[in-house]
Amino acid sequence: MELRFAAAHDRSAALSHSERRASTAPLLTPLPTPRNPRLAPIAEQTTQGSRPALVAVASFDGLGVGFSGPQGSATLRNPSDNSLAVGRDHIVQVVNSRTAIFTKKGAQFDTTGRVLYGPVETRNVFKGFGGPCEARNNGDAVVRYDQLADRWLIVMPIFSRIADQSDDRGPPRGGDPARLSVRGVAGQPGGAAMLSQPPAPRADSVAAPRDTTRRRESQPTAGAYAMCYAVSVGQDPLGAYYRYEFVRPLFPDYPRPAVWPDGYYIPTSTGDEVIQKHACVVERAKMLIGADAREQCVVIDGVNFLNNVDLDGKATPPPGAPNIMLAAGGKQLEHVLRDSVLQYWTFHVDWDHPTKTRVDGPHEIAVAPYEYLCGGQLTKCVPQPGTDQRLDAQGDKLMARVVYRRVNGHESIVAVHSVNTSAGGGGVRWYELRLDRRRDVTLYQQGTYAPDSAFRWMASPATDGSGNIGIGYSYGSPTEFAGQRIAGRLAADPRGRLTVHESVVAMGEAAQTITLRWEDYTQTAVDPSDDCTVWYVGDYLKRSATNYSTRISAFRFPGCGRGR
């Protein structure tokens, strides 16, 4: 266990103009995709739901090809690392290394989707903070909206080593006692200042072409990494932020933040060639008031990609309830590509006595057998019309978000991942788990959404305030370009089925041929204004385009909110 104080911390001015690394893992040979009768009778839904499809209540293009905002346009890297958060009056999107802010119709604005800000480098939120958070713009940044406090959280990893920040004690190991982190920037916490808008580009300026597929240049072999956090002072994402940096001795890849009452939980992967995860939590209560916060981390060896449960709504878990981390079974690096369990851990953080912080697990939950879609991550998987280039499906992991909702008298957790189907395509395997009286996590229902032989993959779920489940996902086939769709179920519907017919979110109009990397993740968010509207963002390509656009859409289940 590892206890960390912020390497630096301050409060910013309002936003001003102030990547994820290319993997070195070899491409694996994909599994063949003939019909697989062995999978057919197991948890597979082979027809569409009979309820009418959801109708979008809002839909507009976000960052990507065709986007233009107050700060111009930007050529974005692959994969998109698409992230979305929704507040009471604003929508914030982070795509790889760029950020944009949009209006949301309601008390403050009369329309949804008008660009207020962007595209700007994500590091812009750290302008004036100093250190690597301000100096280095990185991909894999993620945004969340903390509904319990009406605050925005932006998390940005630093992937290249920082020569002037190190930890002479060496990297942490599983079972190590808690320890304080090295502080990276003198004078933290800094003073508060309102932020200014970055200038608009000159009318006669032309952005230089950018190679979006090049590999990262060689980096220093000594020094530490870092994780950067920005927490808004209020509910206006254009306002001020408290900023923090925590030195990370281990590579902080693929962060997926989760909101919980006692902390912001951030699991990361320490590399593509090791089966090791770094599970961390930062002191949310201190961050919300701009105080000197701490971070605690634990190393977990031999585990697949982790997701901490992320709270939907304002109903909190019982006081002191530990956060829960979930992972799919199997291990791609050991060529274990199928399993019949999920694993979970409980993460109990103690801020008064950090040496008492503990992670318990893994515990196993028996589920229907599954196979990683196309053998896992970084495989040539999803076919596209008119090209031999296939798309990666990230089939080895549970996708963000794993959502927690206390609703209808129970505590529910929903998780999804991508699996091979009996028809030779890709399906969305989804689970609803529940906590029993002993707070053990048990399987309540499961299904594999595979209504035809197409590929549905890289999903993201949400649970609304009535317990209805919405799941957005990428969709493609040999005859249909990759795009986005959404399906779902009402809370009282028969178990194991997505009963709401699939809706088209964005229809792909071209093949992606510059790289096999596709998104890495999509994202859902539940609207805090009504606790019913489910927002979703994912990628698609416009006609004749060579790089992606993103579509942000919102849907609402009929009857949500009645009786509350």
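**Disulfides, strands and cores in a predicted model**

Good morning. A disulfide, taken here as a pair of cysteine sulfur atoms within 2.5 Å, joins Cys 532 to Cys 560, with an S to S distance of 2.0 Å. The torsion about this S-S bond is -85°, and the link is left-handed. Cys 532 sits in the loop between β31 (523-526) and β32 (534-540), while Cys 560 belongs to the segment after β33 (549-555), so the pair ties together parts that are 28 residues apart in sequence. Cys 532 and Cys 560 are buried, that is, under 20% relative accessible area, where exposed means over 50% and partly exposed lies in between, with a 1.4 Å probe and protein chains only.

Let me state the basis of these values. This is a predicted model, in which local features need pLDDT of at least 70 and side-chain atom pairs count only at pLDDT 80 or more, while totals for chains, interfaces and linings use all residues. Residues are numbered from 1 along each chain as its sequence is written, and side-chain values use heavy atoms, with hydrogens and water left out.

How many disulfides does a search of the whole structure find? The search finds four, and with the bonded cysteines numbered in sequence order the pairing is 1-2, 3-4, 5-6, 7-8. One of them is formed by Cys 133 and Cys 228, with sulfur atoms 2.1 Å apart. This pair links distant parts of the chain, 95 residues apart: Cys 133 is in helix α1 (residues 131-135) and Cys 228 in strand β11 (residues 224-232). Its S-S torsion is about -90°, so the disulfide is left-handed. Both Cys 133 and Cys 228 are buried.

Cys 374 and Cys 381 form a disulfide as well, again with the sulfur atoms 2.1 Å apart. Here the torsion is about 65°, so this disulfide is right-handed. Cys 374 and Cys 381 are buried.

I turn to secondary structure. The protein has two helices and 33 strands; these are DSSP runs numbered from the N terminus, helices being H or I of at least four residues and strands E of at least two. Of the 564 residues, 63% are buried.

Four strands make an open antiparallel sheet in the order β5-β6-β7-β8, where two strands pair if DSSP finds at least two bridges between them. β5 (82-86) and β8 (115-121) stand at the edges with a single partner strand each, so one side of each has no neighbour in the sheet. β5 runs antiparallel to β6 (residues 90-95), joined by five bridges, and Ser 83 stands opposite Val 94 in β6.

Is strand β14 (residues 263-269) mostly covered or mostly open? Seven of its seven residues are buried. On one side these are Gly 263, Tyr 265, Pro 267 and Ser 269, and on the other Tyr 264, Ile 266 and Thr 268. A hairpin through two residues joins β13 to β14, and Val 259 has Tyr 264 as its bridge partner. Six bridges connect β14 with the antiparallel strand β15 (residues 276-282), with Pro 267 opposite Ala 279. In the hairpin of β14 and β15, which has six residues between the strands, Gly 271 takes a positive phi near 160°.

Finally, the cores. A nonpolar core is a set of buried Ala, Val, Leu, Ile, Met, Phe, Trp, Tyr and Cys residues joined through side-chain atoms within 4.5 Å. The largest has 47 residues, and Trp 457, Ile 471 and Trp 535 have the most contacts inside it. Strand β27 (residues 455-463) gives the largest share of this core, four residues. Another core, of 36 residues, lies apart from it and includes Ala 258, Ala 327, Val 367 and Leu 433.
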